[in-house]
Amino acid sequence: MYDNNPPKVRTQKPVVGLFVTCLTDLYRPSVALAAVKLLEDTGATVKVPRAQTCCGQPALNNGDLKHSRQIARQVIDAFSGFDYVVGPSGSCMGTIKTHYVEQFKDDPEYLEKAEDLAARSYELVSFLTDIMGVKSVNTTFEGTVTYHDSCSGLRELGIHKQPRKILKTVKGLSLTEMHDSDVCCGFGGTFCVKYPEISGRMASAKCANIRNTGADTLLAGDLGCLLNIAGRLRREGDQTRVFHIAEVLAGMADCPGIAEGQE
Amino acid sequence: MQPRSRDFKALSAKSMKDESLQGALRQLETGFVRARRDSASALPEFEALRDQARDRLDDVLANLDIHLLAYEQKVKSQGGHVHWARDGKELCEIVSKICHDAEAKKIIRGKSMIGEEAGLNEALESDGFEVMETDLGEYILQLSKEGPSHIIAPAIHKTKDEISDLFHEAHKAHGLTERQSETSALVAEARQVLRQAFLNADAGITGANFLIAETGSNIIVTNEGNGDLSCTLPRVHIVTAAIDKVIPTLEDASLLLRLLARSATGQEITAYTTLSTGPKHPDDADGPEEYHVVLIDNGRSEMLGNEFREMLRCIRCGACMNHCPVYGNIGGHAYGWVYPGPMGSVLTPLMVGLDEAGNLPNACTLNGRCQDVCPVRIPLPGLLKAHRVREFESRLTSSLVRYGLAGWAWLARNPVIYHPLMNVSMRVMAVLGRRRGAFRWMPFASGWTDVRDLPAPQGSTFQSIWRKRERGDS
C-alpha cells in the first residue's frame with residue numbers, strides 16, 4: 001500500500017540535499033547536525049540549499065493552496081539535481097513525497113518536477129535503512145527508550161520497523177514499547193493551537209502511555225510531535241528526556257534534551 | 001435535528017468534562033478497535049476485499065443513475081412504490097403522506113441514519129402520528145430526547161444508571177414500576193414494552209444498508225432483530241434510504257457485508273441480515289400489504305460531480321470514529337449534528353453548510369488512522385482538507401489565519417530575510433528560555449501554552465551554523 005520502492009540502481013556515493021525542515025532549523029539544529037553525520041557516515045555528500053525554509057504544510061493544511069504551491073515550487077527548484085533529498089521528518093517528507101504532486105495537477109511543468117522530486121525524497125531513518133542499507137550504528141546510549149510513531153511517517157511513508165531495528169543496534173539502549181505508540185499525540189500542525197483543549201488531552205494520554213513504560217527517554221522521528229509531547233511532559237512535571245531519534249543514532253544526544261533546562 | 005456544529009468548541013469542552021461520557025468512550029478501544037483488529041486479521045483476504053470494494057463501488061457510482069432506475073423498475077414490478085425526495089423536508093412530507101393515506105396512526109421505526117438526517121420522528125409526531133423507535137439504542141435516545149452520538153451505537157454515551165432511570169420513569173405507564181439495574185433485566189423490560197408496539201403498529205419504517213437493483217430488495221443488518229419485525233409485522237413497510245445505497249447485485253452485497261460487520265463491531269456477520277422485497281405476495285404467509293421506498297438525495301447527487309465523490313462509498317460502519325483520537329476524547333454530540341467523527345466531518349458541512357460546520361474539518365490532526373481502517377478506503381483526511389480549501393477560497397477562514405498565513409508565506413519565500421531574522425529570534429528565545437528549557441507562557445501563543453510548555457530553541461538556527469561551517473571549510 002505504500003509506494004516506497006527503492007530505485008533499482010543505487011548511487012554508491014550519492015549527493016544528498018538535506019531538507020532541514022523549519023522546526024529543526026529553528027528549534028533543534030542538533031537534529032540536522034546528527035542527520036548530516038548519519039548521511040556522511042554512509043559515504044554520501046550532504047548539501048544544504050539556502051533557498052529552503054519550510055515544506056508549506058501550514059498553508060496546505062489550512063486550505064491556502066496559492067501560498068502552498070508557491071512554497072512547493074521553491075522547494076522543488078531548490079532541490080533539483082540532487083541524487084536524493086532527505087529530511088529528519090516523516091511529516092515534511094510525506095508532504096514532499098505525496099502531497100506536492102496533488103497540487104500541480106493543472107501545471108504540467110511542475111507536475112513533472114514534483115513527481116521527479118517525490119521519487120528522490122526520503123525520510124531520514126528509512127533512507128538510511130532502506131536505501132543506503134545501513135543495518136547498524138556504532139554508537140552508545142545508556143538508557144531505556146520508548147518510540148512514538150509519528151502519524152505521517154507511519155501512514156504516509158510506512159515507517160514502523162526501520163527505526164526500531166536500527167535502535168536495537170545502539171549499545172546500552174533498551175527499547176520498550178508503549179501502549180498505542182501509533183496513536184496521534186495531538187500535534188497536528190495548527191490543530192494544536194486551534195483546538196488546544198482536545199490537543200492537550202491527546203498529548204496527556206500520550207504522556208501517560210510513555211510514563212507507563214518506565215522508559216527514561218522518549219524518541220520519535222518528527223520534531224512537531226516531539227515539541228508537543230515534551231511540552232506536555234514538562235507541564236505535567238514529568239522529567240522523561242526527549243530526543244529526536246537521529247540525535248541518538250548519531251551519538252549526539254549528549255546535549256540537553258528537548259525542553260530541558262540548563263543550570 | 002437543528003445543527004449545532006457552530007458550537008463545536010463549547011460542546012466538546014462540555015463533553016471533555018462529562019465523566020460518564022469519558023467512561024463510555026474508554027470502552028471504544030476494547031469494544032470496537034480490538035474487535036475490528038482481531039476479526040480483520042483472522043480473514044486473510046481482508047485487505048484485498050477492501051480494494052475490491054473500493055473499485056466496485058467506484059464503478060457503481062460511475063453509473064449510479066442507471067442502477068437507480070433499474071432498482072426503481074424492479075421494486076415497481078413487484079408491487080412496491082418508489083418515491084424521490086430532494087431533501088429531508090421532502091422525505092418527511094412523503095412519509096407522512098404515505099402514512100396518512102394508509103390510515104396508519106401507530107408507527108414503529110427501525111434504526112436509520114436517514115431518519116435522523118431528515119428529522120423524521122419530529123416531523124411525524126408534529127403531524128399527529130405516534131412514533132416509537134425499536135432499536136434499543138434509539139429507543140433509549142427517544143426517551144431521553146437526544147440525538148445519536150455514534151452511527152452504529154447511538155446511545156454509547158449513556159450509562160446503565162441513566163438508562164435505569166429513564167426506563168423506570170417511562171415504563172410506569174406500562175405497569176412496570178420496579179426500577180431495574182441489571183443489563184439483562186433492562187433489556188427484558190424494553191423487549192416487553194417494544195413487543196406490544198410491534199404488534200400494534202400500523203406502519204414500520206426502516207433504513208437500508210443496501211438496496212439491490214437486480215432484485216429490488218433492501219437489506220438491513222441488525223443485532224436485535226427489531227429490523228425484521230419492523231419490516232414484516234405492520235401492514236405498511238416504508239424504507240427510507242439515500243440514493244448512494246443502491247448496488248447492482250446480491251454478489252456486491254455479499255462483498256460489502258463481509259467488510260461491514262468486521263469493520264463495525266468485529267463480528268463476522270451481524271446476528272440478523274434481513275432482505276425484504278416488495279409487499280406480501282398472495283401466497284406469502286406474512287409481510288406488509290404496502291411497500292414503499294423513499295430515496296433521498298440531500299446533496300448526494302452534487303457530491304457525485306465534485307471532489308467529495310469518494311465519500312459516497314461510505315457503508316456507515318463507524319470504524320473511522322472508533323479509531324479517531326478526536327472522537328475518542330469528545331464523543332459524538334460535540335459534532336453538533338447526526339453524523340460524528342471523520343465521516344461526519346466530511347458529510348456535515350456538505351449537508352448543513354460549511355459556514356455552520358466549518359469547525360469539523362478543522363478539528364482533525366490529519367493523523368490518517370481513519371483512512372487506515374476505512375473498509376472502502378475513503379481518503380478521509382484528504383476530503384477534510386478539501387473542505388479547508390473550500391473554506392479558504394470562500395473566505396470563511398478567519399482573517400487572523402488568512403493574514404497570518406500570508407505574512408508567514410511571504411517570509412518563507414524570502415530566505416534572504418527569513419534566515420537572518422529567524423536566527424536572531426531563536427537566539428533571543430534561547431537565552432530567555434535557557435534556565436527552564438521551556439516557556440510556560442508566550443505572547444500570542446496561548447493556544448500552545450495553555451495546555452503545554454513551549455520548548456525553548458537551542459540557539460542559532462541550523463542554517464546559520466551550516467553557513468559558518470561552510471565558510472570555515474572553504
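Predicted model: local features only at pLDDT ≥ 70, side-chain atom pairs only at ≥ 80, totals over all residues.
Local features need pLDDT of at least 70 and side-chain atom pairs count only at pLDDT 80 or more, while totals for chains, interfaces and linings use all residues. Residues are numbered from 1 along each chain as its sequence is written, with chains lettered from A in the order in which they are written.

Reader: How far apart are the end C-alpha atoms of helix H2 of chain B?

Author: Helices are DSSP runs (H or I, at least four residues) numbered from the N terminus, and the expected span is 1.5 Å times one less than the number of residues. Helix H2 of chain B has 23 residues (19–41), so it should span 33 Å, and this agrees with its end C-alpha atoms, which are apart by 33 Å.

Reader: Which residues of H2(B) are buried?

Author: A residue is buried if 20 or more other C-beta atoms, placed from the backbone, lie within 10 Å of its own, exposed if 12 or fewer, and partly exposed in between. By that rule, the buried residues of H2(B) are Leu21(B), Ala24(B), Leu25(B), Leu28(B), Phe32(B) and Arg36(B).

Reader: How many residues of domain 2 of chain A are in contact with domain 1 of chain A?

Author: An automatic or database assignment sets the domain bounds, and chain A is divided into domain 1 (15–130) and domain 2 (136–249). The C-alpha centres of these domains of chain A lie 22 Å apart. Contact requires C-beta atoms, placed from the backbone, within 7 Å; 28 residues of domain 1 of chain A are in contact with domain 2 of chain A, where the number is 22 residues.

Reader: Which helix gives the most to the side of domain 1 of chain A that touches domain 2 of chain A?

Author: Several helices of chain A each supply at least two residues of that side, including helix H2 (29–41) and helix H5 (90–103). With six residues, the one that gives the most is H5(A).

Definitions and conventions: Contact = placed C-beta atoms within 7 Å.
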